[in-house]
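Please view the sequence and the model together before reading on.

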Amino acid sequence: MLKPQYIAIPLFAVFIAIEAFLILRSGRDEYDSKDAWTNILIGLISAIFGTLLALATSIVYITIYELSPFKMPMNSVWPWLILIIADDLLYYWFHRISHESRLFWNFHVVHHSSYRYNLSVAVRQSWFSGVLHWIFYLPAAFVGFPFWAFALVHGFNLIYQFWIHTELVDRLGPLEWILNTPSHHRVHHGINPQYLDKNYAGIFIVWDRMFGTFEPEDEPVEYGITTGMDSYNPLWINTHAWFEMLEKLRSRSGFLEKLRCIFLSPDMNLERVSALTDQEAMVTGARR
Ligand SMILES: [Zn+2]
Ligand SMILES: [Zn+2]
């Protein structure tokens, strides 16, 4: 089954082009076309890898669904509503762990390593995240959502997240309370100290409000990753974090310490502090 988010690729291309045109025409900002083309190339290859990995890993989902005693009746409305909400909640935890555990961050860092913030960044996705991210969605199989329904809802969740990667849309009034918006997601991409590890939402920002990870957009956002990324090489962008982890593993002694290095937080704040000059650190009051 072809995922809905990949069927939407032509639409993504049109909107990326329209946004680039609007930014260039406004003259208020430059458009980094080298970065945008890198994002698009990474996105296209990630769609190919994503399809292949989904073919392999969906077998596990389908097996759990078949073995489960529960089956949701997808011919009525309420299971669809529950699936939309449940999928978004699972996405929240998948995304949060993708930031707070080094193993998962090694995949997700690809999406955050652009210093820009525009629609092309939305398609800058890890080539290899399909190796592991499916495990977060197995509860949906166990409670009886068939794979085709899950793939449909999850695909539309990812399509929703495309349009929030823009600086052209300001605050959206009361919608900001319920939905993940461009403003909330700009914060998520920020490396300003107060923006780190905030706003993990997919569609509904209510999860961040509930689980204490919400931060409103206040000061202008500085985008990127705390450890820096000075390459436009798609292969390096997808693999550099693994080399960094291997290097860190070498300096850890003992099996438990190595496990901690792999699974615990990459402690980005700490790495940020070391990257800042002392003076900057004093001004920003960087934590940890
Ligand atoms: Zn993220
Ligand atoms: Zn994003």
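Which residues in α2 are buried? They are Phe12, Ile16 and Glu19, where buried denotes 20 or more other C-beta atoms within 10 Å of a residue's own, exposed 12 or fewer, and partly exposed in between, with C-beta atoms placed from the backbone.

## Basis of the model

This is a predicted model, in which local features need pLDDT of at least 70 and side-chain atom pairs count only at pLDDT 80 or more, while totals for chains, interfaces and linings use all residues. Residues are numbered from 1 along each chain as its sequence is written, and chains are lettered from A and ligands numbered from 1 in the order in which they are written.

## Overall form

The chain contains 15 helices and 0 strands; helices (H or I, at least four residues) and strands (E, at least two) are DSSP runs numbered from the N terminus. Its C-alpha atoms fill a box of roughly 60 × 55 × 35 Å along the principal axes. The radius of gyration is 19 Å, which agrees with the value near 19 Å for a compact globule of 288 residues; this radius is taken over C-alpha atoms, and the globule rule is 2.2 Å times the number of residues to the power 0.38.

Of the 288 residues, 31% count as buried. Among contacts with a separation of 6 or more, 71% join residues 24 or more positions apart; a contact requires C-beta atoms, placed from the backbone, within 7 Å.

## Helix α2

The buried residues of α2 fall within an arc of 70 degrees when seen down the helix axis, so they line one face; the arc is that of the directions from the axis to the C-beta atoms. The face turned away from this buried side carries exposed residues, including Leu11, Phe21 and Arg25. Helix α6 is included in what covers the buried residues of α2. Just after α2, Gly27 takes a positive phi of about 70 degrees.

## Helix α3

Helix α3 spans residues 33-67 and reaches 49 Å from its first C-alpha to its last, close to the expected 51 Å; the expected span is 1.5 Å times one less than the number of residues. At Leu55 the helix bends by about 35 degrees, the angle between axes fitted to the seven residues ending there and the seven starting there. Buried residues of α3, among them Ile42, Gly50 and Tyr65, pack against α2, α5, α6, α7, α8 and α12.

## The nonpolar core

The largest nonpolar core has 11 residues, including Ile42, Phe107, Val187 and Ile237. Such a core is a set of buried Ala, Val, Leu, Ile, Met, Phe, Trp, Tyr and Cys residues joined through C-beta atoms within 7 Å. Two or more residues come from each of α5 and α12, and α5 gives the most, with 4 residues.

Most residues other than glycine have a negative phi. Asp197, however, has a positive phi of about 60 degrees, and Asn199 has one of about 55 degrees. Asp197 counts as partly exposed because it has 14 C-beta neighbours inside 10 Å, whereas Asn199 is buried, with 25 other C-beta atoms within 10 Å.

Technical notes
Two residues are in contact if their C-beta atoms, placed from the backbone, lie within 7 Å.
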